[in-house]
Every structure is written in structure tokens, then in C-alpha cells.
Amino acid sequence: QVQLVESGGGLVQAGGSLRLSCAASGRTFSSGAMGWFRQAPGKEREFVAAITWNSGNTYYADFVKGRFTISRDNAKNTGTLQMNSLKPEDTAAYYCATKRALLRTLDIRVGADYDDWGQGTQVTVSS
């Protein structure tokens with residue numbers, strides 16, 4: 001299975017920025033997608049952003065549009081989530097996930113449709 005390692009989380013004041021990275025090793029997913037999800041204490045996991053690996057098509061949750069940007073480096077099998085204008089409600093554990101192939105049944109916003117997951121990185125935004 002592919003191994004995913006997130007990094008870049010930490011403490012930041014409201015209005016600040018963080019850049020999260022997701023490094024993948026093992027089986028490649030060049031025909032698939034990488035997504036970011038988050039989970040705050042007492043809340044369900046929710047979709048944040050995703051990108052298809054070949055075409056670079058991007059998808060965003062409404063609550064991060066205009067603030068977060070997802071990108072990828074295909075050669076390095078690394079994805080990045082640039083987070084600007086952070087709010088206290090963005091506080092959560094952030095996880096990256098990959099889908100190895102874009103199947104017709106894939107919903108890129110649904111975590112259950114992904115194949116592999118990282119362990120997460122904590123983002124805390126203070127007010």
C-alpha cells in the first residue's frame with residue numbers, strides 16, 4: 001500500500017497562513033487523485049480539497065474557497081495545501097488521502113472512496 005506522510009501543521013494566529021505537504025511513497029497513483037480532509041474534536045470528518053493527478057483539476061469545499069489552494073508535484077509524488085486567512089474554526093487534524101485510479105463511481109469529495117490515508121497533522125488557529 002502507498003504510505004502518506006503529512007507535515008506542516010502547527011499553531012497560527014487567526015488570519016495567518018500555513019502550508020501542508022503530503023509526501024507519498026510506495027505504489028504510485030499517477031492516474032488517480034489526492035484529497036485533503038479534516039476532523040475537529042466532536043465533529044465528523046469533512047472534505048476540504050482535492051486534485052486529479054494527471055490533469056490537475058481542483059475541487060474545494062465551499063468553506064475554504066478563496067482561502068485554500070491545492071497543488072501537486074507529480075515528479076515528487078507530493079501534494080500541497082496552502083491555507084491562507086485561517087480562522088479558529090479551521091482548527092482540526094488534517095489528513096491527506098489518495099485514490100489510485102479515477103473510476104466512474106468515484107466521488108472525489110467522499111472520503112470512503114479513497115484507498116489510502118495518512119496519519120494526519122494538527123492545525124490549531126488561535127483567536
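Is D116 buried or exposed?

Analyst: D116 is buried. Its relative accessible area is 6%, and buried means under 20%. Keep in mind that this is a predicted model.

D116 also has a charged partner. It forms a salt bridge with R100. The closest N and O atoms of the two are 2.4 Å apart. D116 sits in strand β10, residues 116–117. R100 is in the loop between β9 and β10. The pair therefore ties together parts that are 16 residues apart in sequence.

Now step back to the whole structure. A search of it finds 5 salt bridges. Salt bridges with shared partners join R38, E46, R67 and D90 into one network.

R38 belongs to strand β4, residues 33–39. D90 lies in the loop between β8 (78–83) and β9 (92–99). The two are 52 residues apart in sequence, so their pairing ties together separate parts of the chain. Both D90 and R38 are buried. For R38, the relative accessible area is 5%.

R38 also meets E46. Their side chains form a salt bridge at 2.7 Å, again N to O. E46 has 23% relative accessibility, so it counts as partly exposed, whereas R38 is buried.

Note on methods:
Residues numbered from 1 in each chain as written. Predicted model: local features only at pLDDT ≥ 70, side-chain atom pairs only at ≥ 80, totals over all residues. Heavy atoms only, no water. Salt bridge = Lys/Arg side-chain N within 4 Å of Asp/Glu carboxyl O. Buried < 20%, exposed > 50% of the residue type's maximum accessible area, 1.4 Å probe, protein only. Helix = DSSP H or I, 4+ residues; strand = E, 2+ residues; numbered from the N terminus.
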